[in-house]
Amino acid sequence: MTAVGVTRRQRLNVPATIVLAVGAIYTLFPVLWIVIASTKTNSELFSTAAYLPSFSGGLWQNIVDLFTYRDGIFLRWALNSVIYAVGGGLLSTFVAAAAGYALGRYRFRGSVVIFRMIVAGVVIPAIVLAIPQYLLLAQLGMTNSYASVILPLLVSPYAIYLCKIYAESSVPDELMEAARLDGASEWRIFHSVGLRLMSPALVTVFLLQFIGIWNNFLLPSIMLSDPQLYPLTLGLFGMLRVSGGQAALYASVITGSLLSIIPVIVLFLSLQRFWRLDLVSGGVKA
């Protein structure tokens with residue numbers, strides 16, 4: 001009877017597995033196309049089959065062209081993306097952790113209203129806030145700088161929401177009370193107990209923030225005018241424009257897009273080991 005039940009469950013999972021497999025293949029096709037297209041020269045991009053790679057040395061030539069474009073400005077764009085994504089990701093994760101912990105573990109006047117406003121902020125599109133943020137930073141003389149890209153991204157309603165929910169479920173009152181009896185301040189409790197127990201959520205928040213900032217195009221395009229401050233998204237987009245009668249560097253842009261994916265993949269794989277599926281295990285290890 002057990003074997004029959006297992007067989008039935010396996011049969012019920014077949015349609016779901018097929019759907020997931022089709023979805024995975026569908027999402028991997030653009031990545032596969034970028035990998036294959038990066039092996040081709042500009043002329044081969046439009047004269048060969050889309051999913052047939054080239055072995056004429058186009059990949060190496062594209063990399064050379066990309067790194068020598070405008071005296072190697074691609075490396076500057078990559079460094080800018082790292083500054084924006086890592087700096088903004090760490091700062092916004094800390095802000096979300098502090099706000100989520102305060103809303104999840106303390107009850108104070110207006111906490112419910114504040115949380116509802118944060119939840120409402122999740123549904124507000126970023127494009128609605130971009131222009132007001134630009135006008136505000138322009139009045140402060142902070143546009144066209146690293147701060148103009150990082151500051152608007154410090155507060156993420158969705159990240160605060162995740163941290164609040166996780167803090168409620170993973171930080172027990174008993175540990176907080178025990179820490180208070182030992183003479184720990186509220187800041188010490190947050191730093192030594194709260195952050196440790198919330199670490200799985202914080203890793204997830206940082207990864208989401210990093211990817212969001214790394215792929216961000218709208219905000220840098222509004223805030224920045226100096227190409228030396230461009231991130232990869234804005235810099236590669238600029239290479240697509242036709243200027244001076246020269247054809248757009250399609251092959252170089254595709255190769256740059258391929259290289260820009262690598263840090264995200266490395267970060268995702270390196271942070272997987274910090275994730276915890278069991279909330280209790282996090283409490284025991286802390």
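These are numbered remarks on a predicted model of one protein chain.

1. Overall composition. The chain has 286 residues, and 34% of them count as buried. Its secondary structure consists of 15 helices and 0 strands. The accessible surface is about 17000 Å², with carbon and sulfur atoms accounting for 69% of it.

2. Contact range. Taking contacts between residues at least 6 apart in sequence, 73% join residues that are at least 24 apart.

3. Helix 4 against helix 13. Helix 4 covers residues 73-105 and helix 13 covers residues 232-239; the two pack with axes 8 Å apart, at an angle of about 150 degrees. Helix 4 is therefore roughly antiparallel to helix 13, because an angle over 145 degrees counts as such.

4. Residues of that contact. Helix 4 contributes Phe-74, Trp-77, Ala-78 and Ser-81, while helix 13 contributes Leu-232, Gly-235, Leu-236 and Met-239. By class, the residues of this contact are 6 nonpolar and 2 polar, with no charged residue.

5. Asn-80. This residue is also part of helix 4. Its relative accessibility is 0%, so Asn-80 counts as buried.

6. Arg-70. The loop between helix 3 and helix 4 holds Arg-70. Its phi is near 50 degrees, a positive value in a residue other than glycine. Is Arg-70 buried or partly exposed? With a relative accessibility of 47%, Arg-70 counts as partly exposed.

7. Asn-144. A positive phi is also assigned to Asn-144, about 55 degrees, although Asn-144 is not a glycine. Asn-144 sits in the loop that runs between helix 6 (126-139) and helix 7 (146-150). At 29% relative accessibility, Asn-144 counts as partly exposed. The backbone at Arg-70 and at Asn-144 can be checked by reading phi from the coordinates.

8. Ala-49. The position of Ala-49 is in the loop between helix 2 (42-45) and helix 3 (58-68). Its relative accessibility of 38% is why Ala-49 counts as partly exposed. Ala-37 lies 12 residues away from Ala-49 along the chain, and the C-alpha atoms of the two are separated by 9.7 Å.

How values were computed:
Residues are numbered from 1 along each chain as its sequence is written. This is a predicted model: local features need pLDDT of at least 70, side-chain atom pairs count only at pLDDT 80 or more; totals for chains, interfaces and linings use all residues. Side-chain values use heavy atoms; hydrogens and water are left out. Axes are lines fitted to C-alpha atoms, for helices over the stretch in contact, and angles run from 0 to 180 degrees between N-to-C directions. Helices (H or I, at least four residues) and strands (E, at least two) are DSSP runs, numbered from the N terminus. Angles under 35 degrees count as roughly parallel, over 145 as roughly antiparallel, 65 to 115 as roughly perpendicular and the rest as oblique. Contact means heavy atoms within 4.5 Å. Ala, Val, Leu, Ile, Met, Phe, Trp, Tyr, Cys and Pro count as nonpolar, Asp, Glu, Lys and Arg as charged, and the others, Gly among them, as polar. Buried means under 20% relative accessible area, exposed over 50%, partly exposed in between (1.4 Å probe, protein chains only). Accessible areas come from the Shrake-Rupley method with a 1.4 Å probe; for residues, only the protein chains shown count as cover.
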